[in-house]
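Dear colleague,

I am passing the structure below on to you, and my notes on it follow directly after.

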Amino acid sequence: MTETVESRAASVAGGGDQPKLLIGGTWTDPHSTETLEVFSPATGERVGSVPHADATDVDTAVATARAAFDAGVWTSVPPAQRADIVARVADLIDERSDEVTALVSAEMGAPPSAVSTLQQLPGTGVLRAYANAARDYAWEEYRTGLFGTTRITREAVGVVGAICAWNVPLFITCNKLGAALAAGCSVVLKPAPETPLTGNYIAQLFIEAGVPEGVISVVPGGTETGQALVAHPEVDKITFTGSTAAGKAIGAACAESLKRCSLELGGKSAAIVLDDVDIAANAFMLTFLGLFNTGQACVAQTRVLVPRSRQDEIVGAMIEAAKTMKVGLPSNPEAQLGPLITEKQRQRVEGYIESGKKAGATAVLDGERPDGLDSGYFLTPTIFTGVTNDMTIAQEEIFGPVLSVIAYDDVDEAIAIANDSSYGLAGTVWTSDVERGIEISTKIRTGTFGINWYAIDPESPFGGYKNSGIGRENGREGLESFLEHKSTMLPMGYEPQQ
């Protein structure tokens, strides 16, 4: 038994129980009898539920996506028209900003202001960037070489399995769907089990905007659901955002069948503060970039490298900045930092804090479970000094509000410390001399970098070196990762009609 997206849209937008799966644009009874219960990490209140898709549900979703792709219902749509539909989703998100913010805030406990600035703004930004890229991309060209003229075309890679993390679900869902759909692919989306309602909601907006039947399906679930999607022989590409450990397992599974994959993984980014920094002007942003989203961000600048000669001054300014970042419920308009996603994650972060203390670091700002917020998984920021780069807290991704300050004596030492990491996703340098900052940026082994601030620009490639992943998202490079390149040799002497 099925029902249309339109007949369910109002109830889904507000969360609640969703007893059916969105398969090919239609609400369909699941094969699985299990459900995923969603609870607010801020209040503990039940937000809703969705079916926990099993391997049979994944098979149904993939078969639907394959049929749509092979029939050409979406690939035959001109790229400019696909671009218009993707851009329309950005408009719909903006038009329904209050609904979107309320849903995301309920699922992950983040303050509405954080959802708006850290998820909605970049989410709509990447959708519009992919639309621009699709309009401007050279889908067809001719090259003259040794054997005459070759026609070169770019074609959608096929059926995409998109696996999302929970930390910024609105942004990640927009990024996965926007790129794959602008390229002409069919998509089976697996949202994180902590934030499945957001995945369903955004998928519906794409369908409402004009993506045809069969092209988009959503299969909420945990590890087993993701494994079924990765292993499915009719999936041509996996795009994954999540932990490095999970990314390695997915990459290994894809390698067995030579399935395409792109992996956006973890980070342990360094903020290099130079001796000429105006710390009064930069302390808040420097500290915020390590603590935003309660530290649950792959690009968080959690290693802060400071000149030993100015360490006390800089750390003092960071402590005062961190104290201004109020931890609170989504209903508190002054709150800037929300809860950790689960109690397990909070305990994990607290374990890292204890590890840092045992290793000899000093918690000059000691995180604690704040009074009056007992219903959620809240933790105030921690700032460590006396950290050496070989400590666990300096090497492993904590994914919580914990900053490690590492002192250095000269810039070459700071560069070496920044690069002494298995990760290479992001980084920053803080200086009054922008040209000096640019020079240092060329020596840091990361995929993205900022001078006196940091952001993921929708029009520019985003991704990492080393254990931070494979491939790039955003802009033209993000679109291209969902395309295959085909060369067609033309007869000798043939002149194409261009």
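Which residue in E8 is the bridge partner of tyrosine 142? The partner is arginine 151. Before going further, please note that this is a predicted model, in which local features need pLDDT of at least 70 and side-chain atom pairs count only at pLDDT 80 or more, while totals for chains, interfaces and linings use all residues. Residues are numbered from 1 along each chain as its sequence is written, and side-chain values use heavy atoms, with hydrogens and water left out.

Strands here are DSSP runs of E with at least two residues, and helices are runs of H or I with at least four, both numbered from the N terminus; two strands pair if DSSP finds at least two bridges between them. E7 and E8 are part of an open, antiparallel sheet of three strands in the order E7-E8-E24, and its edge strands, E7 (140-145) and E24 (483-489), each pair on one side only.

Turning to the annotation, UniProt lists Glu264 under "active site" in an unreviewed entry, and such annotations may be inferred rather than shown by experiment. Glutamate 264 is found in strand E13 (residues 260-264) and, at 7% relative accessibility, counts as buried (buried means under 20% relative accessible area, exposed over 50%, and partly exposed in between, with a 1.4 Å probe and protein chains only). Leaving aside neighbours within four places in sequence, glutamate 264 has contacts (heavy atoms within 4.5 Å) that include Phe240, Cys298, Phe462 and Glu473.

The structure also holds 29 salt bridges, each defined as a side-chain nitrogen of Lys or Arg within 4 Å of a carboxyl oxygen of Asp or Glu. In one of them, the side chains of glutamate 234 and arginine 66 meet at 2.9 Å, N to O. Because glutamate 234 lies in the loop between helix H8 (223-231) and strand E12 (237-241), and arginine 66 in helix H2 (residues 55-71), the pair ties together parts that are 168 residues apart in sequence.
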